[in-house]
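I opened this entry to look up charged side-chain pairs. My notes follow in the order I took them.

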Amino acid sequence: MPDSTRIIWSNADLDYEDWRDDLEAEYPDLTESQRVELMYERNADYLDDERINLNIQLSRPILVIGDLGRWNGRVMGYKEISTGNIRDCLYSDTDYSTWYMDKLGDLRCDAVHHDGTNHYLYRTYKDGVTEDQIDRLKGKIYNGTATRADITRLTRRLGDEIAKVYGWDIPNPRVKQQDAR
């Protein structure tokens, strides 16, 4: 993951050494294995906190574009989060998940499971986009031919709303395009 990413929540690569001092001070009578278990429980509770933080209702559904690692290779796929609420992006049935905002302001997730790693990109449809346009985009995603331009033409990033919650600065893509001209 590049340095410019901002992690929202992760249960991948938890290191007890990062938690040791606080847990030993707070729970001196527990064994180390009990404190490690507590670390995992607390970290899981933090995911619930992030869902509360990101209880942001959008006007349109959220499109999840997946680059899926399966036992027989990589495939592209998609699904929609019909609620249009950003908190509903923070669910996974994989072993380890890391949700983060990338340098472009896109919400992403790397989700590790027994067959490999799935990479998700979360976007919401722009106002005025028609069902026919959405269906064509979904077809391109399913066929693995969708380009970044196809995706950004019909959808917008979620990072603007997320950045407001956490006080993060993210680049304005329009300013970059104008500067490039």
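I began with R108, which is partly exposed at a relative accessible area of 23%. The model is a predicted one. I looked for a partner of R108 and found D102; their side chains form a salt bridge, 2.6 Å from N to O. D102 has 10% relative accessibility and counts as buried, because the cut-off for buried is under 20%.

Next I took E161 and R156. Their side chains also meet in a salt bridge, with 2.9 Å from N to O. I checked the accessibility of both. E161 is buried at 16%, while R156 is partly exposed at 30%.

I then turned to R20. Which residue does R20 form a salt bridge with? I found E24, and the closest N and O atoms are 3.0 Å apart. I looked up where the two residues sit. Both belong to helix α1, residues 16–26, and they are four residues apart, so about one helical turn separates them. R20 has a relative accessible area of 19% and is buried. E24 has 30% and is partly exposed.

I followed this pair further. R20 and E24 belong to a network of salt bridges that also links E17, E32 and R35.

Last, I wanted the total. How many salt bridges does a search of the whole structure find? I noted 16. Among them are R20 with E24, R108 with D102, and E161 with R156.

Key:
Residues numbered from 1 in each chain as written. Predicted model: local features only at pLDDT ≥ 70, side-chain atom pairs only at ≥ 80, totals over all residues. Heavy atoms only, no water. Salt bridge = Lys/Arg side-chain N within 4 Å of Asp/Glu carboxyl O. Helix = DSSP H or I, 4+ residues; strand = E, 2+ residues; numbered from the N terminus. Buried < 20%, exposed > 50% of the residue type's maximum accessible area, 1.4 Å probe, protein only.
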